[in-house]
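Here are a few exercises to work through with the model open in your viewer. Try each task before you read its solution.

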Amino acid sequence: MSIVVTGATGHLGRLVVAALLADGVPADGIAIVVRNEEKAADLVARGVELRVADYSKPETLADAFRAGDRVLLISGSEVGQRVPQHTAVIDAARAADVAQLAYTGILGGPDADVRLADEHKATERLILDSGLPYTFLRNGWYTENYTGNLAPVLEHDAVVAAAGEGRIAAASRADYAAAAAAVLTGEGHLDKAYELSGDTAWSLSEYAAELSRQTGRTIAYNNVPAGTLLGILTGAGVPEQMASILVDVDHGIERGLLAGTTGDLARLTGRPTTPLAETIAEALKG
């Protein structure tokens, strides 16, 4: 039996592997499923088992899992392709008779009323229908969704969005990774859903104010109409479908979709979630 992390070369996957190792899981008890072997070289060097497979090629998943494995399915990044990709993983996990299938979904689960949630809802239904023991990790927003690309913000001294004064209970990717590691290594998490979010919700006005404080500059929050934001995103090279989904998420934020502070994330990790100011400070260093 191994703890298996799919999508392990992505931002979240790497942090999950690091969290498992930090929690004392032996490297030879961890397997990673990746589609690009070269990108996994640093992880393999740490002693984890490599299993090469591709969500989009079901035949490659036939040997990705073993009976008794505890598997983390990190949702695919290709919006519009995730349901067939996730179906292939679920089918392979069921055929292998894994002991647990944990899935990274979206805060609110079946009640999330944004387009970004549609594929997550469909995946949760597929997992339930599979009969596999499951754990739903319904992740809220990553603070790095904002701090991961500060260049345009600092160039224009402005945070531009269409989220009004909606609040966001974001947490760092490392927080969510630690929660995933906890449910993969602990007991009592089967057939449960966790609503994961940061301990404190903040608005984009407050985000801009914290950026201003840490940079010594005056950074404004510009709340713009949906059409204006759509034009800005597509003008920056974001495909129109994805840009419209991101605008829709902003409207969800304005309605309070990502504001819930459930406490589940801190309870799973056993520590408070990473404060906004700390994640900003790390981003500004880099």
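**Exercise 1.** Work out which residues of α1 and α7 meet, and how the two helices cross.

*Solution.* Start with the contacts, meaning heavy atoms within 4.5 Å. From α1, the residues H11, L12, L15, V16, A19 and L20 take part, and they meet R173, A174, Y176, A177, A178, A180, A181, L184 and T185 of α7. Helices here are DSSP runs (H or I, at least four residues), strands are E runs of at least two, and both are numbered from the N terminus. A quick note on the source: this is a predicted model, where local features need pLDDT of at least 70, side-chain atom pairs count only at pLDDT 80 or more, and totals for chains, interfaces and linings use all residues. Residues are numbered from 1 along each chain as its sequence is written, and side-chain values use heavy atoms, with hydrogens and water left out.

Next, the geometry. Two packed helices are described by the angle between their axes and the distance between the axes. For α1 and α7 the angle is about 55 degrees, and the axes sit 8 Å apart. Axes are lines fitted to C-alpha atoms, for helices over the stretch in contact, and angles run from 0 to 180 degrees between N-to-C directions. So α1 and α7 are oblique to each other (under 35 degrees is roughly parallel, over 145 roughly antiparallel, 65 to 115 roughly perpendicular, the rest oblique). Their crossing is right-handed, with the near helix turned clockwise from the far one by less than a right angle.

**Exercise 2.** Which residues form one aromatic cluster with W202?

*Solution.* The cluster consists of Y146, W202 and Y207. Rings of Phe, Tyr and Trp (its six-membered ring) pair if their centres lie within 6.5 Å; planes under 30 degrees apart are stacked, over 60 edge-to-face, the rest tilted. Y146 and W202 are edge-to-face, at 5.9 Å centre to centre and 70 degrees between the planes. W202 and Y207 are stacked, at 5.8 Å and 25 degrees.
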